Amino acid sequence: MNALLITVVSPLAGALILPSLRRLSWAGWLNVLVSTITLAASLNLAVTVADHGVVANSLFRVDAFNVYLLVLTAFVGVTTSIFSRPYMRHVCDSGRVSQRGMRLYHAMFQAFMFTMFLALSTDNLGVLWVSVEGATLATVLLVSLYRTPEAIEAAWKYFILCGVGIALALFGTVLLYFAAQHVISDPEAGLSWSALYSVAPQLQPAIMSLAFVFLLVGYGTKVGLVPMHQWLPDAHSEGPTPMSAVLSGLLLNVALYAVVRLKMLVDGSLSATDSPHTAGYLLMGFGLVSFLVAGLFLHRQRDIKRMFSYSSIEHMGLMTFAFGLGGPLATFGALLHMLVHSLTKSAIFVTVGHAAHIAGTQSIDHIRGLIRTQPAVGWGLLLGVAAIAGFPPFGVFTSEFLLLTATMQSQPWFTVALLTGLAVAFAGLFRHLHPMVYGPVPEGQQPVSANMLPVIVHLGLVLWLGLSIPGFLSRWLDRATELITGAHLL
Amino acid sequence: MSLEQLPMLQQLMLVLAAMVLFTSFVLLEQARLLAAIHAFAWQGVLVALVTAIVASSSEHLHLFFSAALTLGLKALLIPWMLHRLVRRLELDRHREPLRRPALVIMAALALVIFSYWAVVPVVQQELLFTRNIVAVSLAVVLIGLLMMVIRTQAVAQVLGFMSMENGLFLAAVSATGGMPLVVELGVAFDVLVAMVLFGVFFFQIRESIDSLDVDRMNRLTEHVEEKS
Amino acid sequence: MNPVGWLLALVQALLYIALAPLLAGWVRKVKARLQNRRGASLWQPYQDLYKLFAKEARMAHTASILFRAAPYIVFVATWLAAAAVPLLTSDLATAAIADVIVIAGLLALARFFLALAGMDVGTAFGGMGASREMFVSALAEPAMLMAVFTLAMTAHSTNLSAVVDYQLAGANLLRPSYVFALAGLLLVAIAETGRIPVDNPTTHLELTMIHEAMILEYSGRHLALMEWAAQLKLLLYGVLIANVFFPWGIARDVGAGALGLALVVLLGKLMLLGVVLAVSETVLAKMRLFRAPAFLNLALLLALLGLLSYVILEVGA
């Protein structure tokens, strides 16, 4: 329990302390320190959960499903904070961000981490809503940190679209609470996920379906599902790169996590009706459309961060589809994919941040010859993109293979669509990648001081996961799979 | 249960709920910003009144607190903040009539009918005397959304956002007798922070495009001609 | 229907034409008082009518038979419409055969001939007034029908007597739909009877007048009938609002005492309505003609909201 408390509270403390520090260099280090404490606590928590099954009290509940996301979040938080220390110094020295902006950045980074941990660990669906909305509020000022017209436009779009989406999710939450009131007499427990899950078959199917539509549209906006994805490429491309890394690697996951938790409730409620898979079909539809549309949009991108944010939409679509498909194999694959995608995508954004500093622009047309100017960045980008596109030795290949197998088993016709989508996305990524990495070096291009440690660690992990999934992790994911689908895979 | 069996106070509540819906329409159609802010404040007052009546005629006593919170936040604090912002941004005399008022109103009415249709499963539960208001609250939410879509002025969009929040709160009150306190406080906190951030953004936007017409922010679109 | 019923209907119809100038005079008087004038006496409209009837009716040489016939048609149609609106008692023989749609139809017929007569002589003002009148009424009519349908839906009848009976039979209910329907109908009444802010009944300024422009060519008894019909229409709307939304006091059996009481109560309600009208006319300024659609769209919106709030909030409440 204490480990959980430290995990959640330390980012909050960080958010309060960091802006008061006068020395920016200290703030950068303290940011890393806070993230490390959080990671240590979350690992401790993971061990507890592995031993005892579930850690829960009236407000929190940590089981195999969310503890793995908690550790992942804390881990990406640490590596991103390590990367952001020199990166943001560079940004600050180049005059794009003021001292006040830097304080805001540190405070909001930790505030964002706090909302992520709160959203993941809470048992109360209302608190889940509050913290997902809080995540928007924490990041929206960071998106506009550079104060360029584009950044402000992106931030406004992000704010308004996510505000609307999340408002619909609140309506869905109200409906859920309404359905719960018929079954659960204690009004305080009516929004508790575990209480709801234990009585799920008694919840009114009609109301639950209606609630799920609102919740899916609401949280789906955060996941970046097409057609509610409009904010995502803008916010990712205009904000500072560490922000893009955590938005893509963490926020989208958390939103998807919320959707999956809610789907579990709806599935329970609909199990006795004529259409038990309504929620699954909805997820499959949204997921597949997002997957295909984002793959096509990859081709026409001019901005490197925009391109990778479309790649995020594509992968979130794939995961949504897999969770919709249901069944142990697909769910296991989706959980693994969540993990490897977060690791790979944040590594890519870190590399892209350096690449943009080298070229002095984010425009794909002007980033050239990275591998000759600075081999580390060039290789990082090449390997990162190879990993995200699903090349064999990497973990993304494993998870995509699992997903394809699962699709083949239950809905064979969709395999064609998935394969086409993967090929389209693959082509889209590589047609832009090749000149950026190998193209002629522009005159006067200089290497920058880069911290490639996060990239190496992330890609190393992804490679390891591709070669062999360690036993403890597979057991872990299997328990999460059992939790979600009710059946073991292994 | 029919209308005749409801006590007078609850009949009054229905009238007030209908007036909340009407203020939504006023808000949607209002050309002058200051008048729209006033309409929004009145909506907050009406929502708080409905909440107070629900609190007094049910066992949800914590709703009195929610009503006071709504009155303070939605009827006083946020309108006051918006009022100050509008004066500081010198938009007091800003007028922006709807381009096709009849079409917009028809769309809003269609949304009302849609909301009625959408919440039929809730109404059929026959649980609470407030259940008919759920449709009204969904309509308020959707009209707020419509307002955010058709208005291009940043302050007007924020008003739409805030009126959506009003609708959500009304939904919580009417469908479930209010959310648990911790959630309600969290939502109120989020709304307040959002309002502060909106204020910050008004200045950032004006600095950036010298206007608050967010339609002029169009640098980030999927342009093919950027290729050159 | 028994002969007593028909007798009563006849008395009510006669009461309408007798009371109509009085209401107009009352509104004028209150308005004058509000503007710190003494104003003409309450009976001035009667004297005006008497004077006009005594005068010779001049006719433009381009006028056709239509011009001559229009005042009678307008007056009779308005009068017939009024006769179907319960005045003192809801047990009305005429109301049984004419529901609210007939009333709307008769009013439309009157307006049609009024507009035709305005155009008949071929003067610029007449045509302009006619086109403006049709413009306003095209917007006002749907709003009126919507508002009335709201009532009809609650009472399950389009018959005004049935609506009033239903209202009286039920407990004292606060219906959201009635609040909206009342507001909508008030706006429609203002537009239809040519009051401020849509039209100004006292002006002869060519830029603004609507109703006055159409009857500009009339004189003598024709003018008297036209004026009288306009006053009747005002009374009709007044009674409609007073008796349908606030039906208390209306006689439910045909006894002298009940009828007497009903008359006193009705006069009280009408006096109150007249004061409201006078105050609003004093406070508001006449708006430009092109703002009229916004005004009437508001009326339509209110009426539609009334209809919707009946369906949403009251059915099975």
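Two residues are taken to be in contact if their C-beta atoms, placed from the backbone, lie within 7 Å. The views below show a predicted model, in which local features need pLDDT of at least 70 and side-chain atom pairs count only at pLDDT 80 or more, whereas totals for chains, interfaces and linings use all residues. Residues are numbered from 1 along each chain as its sequence is written, and chains are lettered from A and ligands numbered from 1 in the order in which they are written.

**View 1. The contact of chain B with chain C.**
Here 24 residues of chain B are in contact with 19 residues of chain C. On the chain B side, α1 (8–29), α4 (101–118) and α6 (133–150) each supply at least two residues. Helices (H or I, at least four residues) and strands (E, at least two) are DSSP runs, numbered from the N terminus. The most on this side of chain B is given by α1(B), with ten residues. By residue class, the side of chain B that touches chain C holds 20 nonpolar, three polar and one charged. In this scheme Ala, Val, Leu, Ile, Met, Phe, Trp, Tyr, Cys and Pro count as nonpolar, Asp, Glu, Lys and Arg as charged, and the others, Gly among them, as polar.

**View 2. The contact of chain B with chain A.**
Of the two pairs of chains that touch, chains A and B have the most contacts between them. The contact takes 38 residues from chain B and 38 residues from chain A. Two or more residues on the chain B side come from each of α5 (120–123), α6, α7 (154–176) and α8 (181–209) of chain B. With 13 residues, α8(B) provides the largest share of the side of chain B that touches chain A. That side divides into 28 nonpolar, five polar and five charged residues. Chain A and chain C, by comparison, are joined by no contact, and their closest C-alpha atoms lie 18 Å apart.

**View 3. The fold of chain B.**
Chain B contains eight helices and zero strands, in the order α-α-α-α-α-α-α-α along the sequence. Its radius of gyration is 19 Å, close to the 17 Å that the globule rule gives for 228 residues, so chain B is as compact as a globular protein of that length. The radius is taken over C-alpha atoms, and the globule rule is 2.2 Å times the number of residues to the power 0.38. Along its principal axes, the C-alpha trace of chain B spans about 70 × 35 × 30 Å. Of the 228 residues of chain B, 51% are buried. A residue is buried if 20 or more other C-beta atoms lie within 10 Å of its own, exposed if 12 or fewer, and partly exposed in between, with C-beta atoms placed from the backbone. Among the contacts in chain B with a separation of 6 or more, 70% link residues 24 or more positions apart.

**View 4. The fold of chain C.**
Chain C has twelve helices and zero strands. A compact globule of 317 residues would have a radius of gyration near 20 Å, and the 19 Å of chain C agrees with this. The C-alpha trace of chain C spans about 60 × 45 × 45 Å along its principal axes. Buried residues account for 50% of the 317 residues in chain C. Of the contacts in chain C between residues at least 6 apart in sequence, 80% join residues at least 24 apart.

**View 5. The packing of α11 and α17 in chain A.**
Two packed helices are described by the angle between their axes and the distance between the axes. Helix α11 (residues 278–297) and helix α17 (residues 412–438) of chain A pack at an angle of about 30°, with their axes 8 Å apart. This makes α11(A) roughly parallel to α17(A). Axes are lines fitted to C-alpha atoms, for helices over the stretch in contact, and angles run from 0 to 180 degrees between N-to-C directions. Angles under 35 degrees count as roughly parallel, over 145 as roughly antiparallel, 65 to 115 as roughly perpendicular and the rest as oblique. From α11(A), A:Leu288, A:Phe291, A:Leu292, A:Gly295 and A:Leu296 meet A:Ala417, A:Gly421, A:Val424, A:Ala425 and A:Gly428 of α17(A). The residues of this contact comprise seven nonpolar, three polar and no charged.

Helix α8 (residues 205–223) of chain A is mostly covered, with 15 of its 19 residues buried. Just after α8(A), A:Gly224 has a positive phi of about 90°. A:Ser468 is placed in the loop between α18 (453–467) and α19 (471–485) of chain A. A:Ser468 counts as exposed because it has 10 C-beta neighbours inside 10 Å.
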